[in-house]
Amino acid sequence: MAHKTTRLIPVDALRGLIAGMGERSRQIIRPLLVLGRVPLFFYLLPLFLYAGMGRFYTPEGTTIAEMYPYWLLGLVNLFPICFLYSRFKQKQPFYRVLRYL
């Protein structure tokens with residue numbers, strides 16, 4: 001039985017969409033590229049960030065609707081941290097562990 005390589009159609013469609021965009025549209029997507037370079041870091045950091053924010057800002061708890069502003073505040077704080085970590089990671093190519101974070 002021959003092994004066939006399958007391609008993800010949505011990924012190809014997204015690549016085509018990005019390639020067809022103008023420079024202004026690419027600037028909108030650039031933050032996603034920053035977060036895509038540090039996926040595990042972006043996954044683990046919010047666990048601690050939002051736990052700390054929850055204890056500090058709303059120790060008695062909150063509803064989902066009231067949590068949206070805190071979520072946006074967390075994302076605004078996470079982006080520069082992820083950007084700096086991405087730059088640090090690019091400058092330190094010899095640390096193998098950093099590739100996974």
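**Thr58 and the α3–α4 region**

Thr58 is found in the loop between α3 (39-57) and α4 (64-91), helices being DSSP runs of H or I of at least four residues and strands runs of E of at least two, numbered from the N terminus. The model is predicted, so local features need pLDDT of at least 70 and side-chain atom pairs count only at pLDDT 80 or more, while totals for chains, interfaces and linings use all residues. Residues are numbered from 1 along each chain as its sequence is written, and side-chain values use heavy atoms, with hydrogens and water left out.

Thr58 counts as buried because its relative accessibility is 14% (buried, under 20% relative accessible area; exposed, over 50%; partly exposed, in between; 1.4 Å probe, protein chains only). Not counting residues up to four places away in sequence, Thr58 touches Met53 and Tyr70, a contact being heavy atoms within 4.5 Å.

The chain holds 4 helices and 0 strands. Of its 101 residues, 16% count as buried. Of the contacts between residues at least 6 apart in sequence, 59% join residues at least 24 apart.

The end C-alpha atoms of α3 are 27 Å apart, which agrees with the 27 Å that its 19 residues should span at 1.5 Å a residue (expected span: 1.5 Å times one less than the number of residues). Phe41, Pro46, Tyr50 and Met53 are the buried residues of α3, and they pack against α4.

Leu40, Tyr43, Leu44, Leu47 and Phe48 form a nonpolar surface patch with about 530 Å² of accessible area together. Patches are made of residues with over 30% relative accessible area and no salt bridge, with nonpolar side chains joined within 5 Å and like charges within 9 Å; a salt bridge is a side-chain nitrogen of Lys or Arg within 4 Å of a carboxyl oxygen of Asp or Glu. Areas come from the Shrake-Rupley method with a 1.4 Å probe. Tyr43, in helix α3, is exposed at 55% relative accessibility.

A search of the whole structure finds 5 aromatic pairs (ring centres within 6.5 Å; planes under 30 degrees apart stacked, over 60 edge-to-face, the rest tilted). The rings of Phe56 and Tyr57 are edge-to-face, with centres 5.0 Å apart and planes at 75°. Those of Tyr57 and Tyr70 are stacked, with centres 5.6 Å apart and planes at 25°. Because Tyr57 lies in helix α3 and Tyr70 in helix α4, the pair ties together parts 13 residues apart in sequence.

Note on methods:
Phe/Tyr/Trp six-rings, centres within 6.5 Å; stacked < 30°, edge-to-face > 60°.
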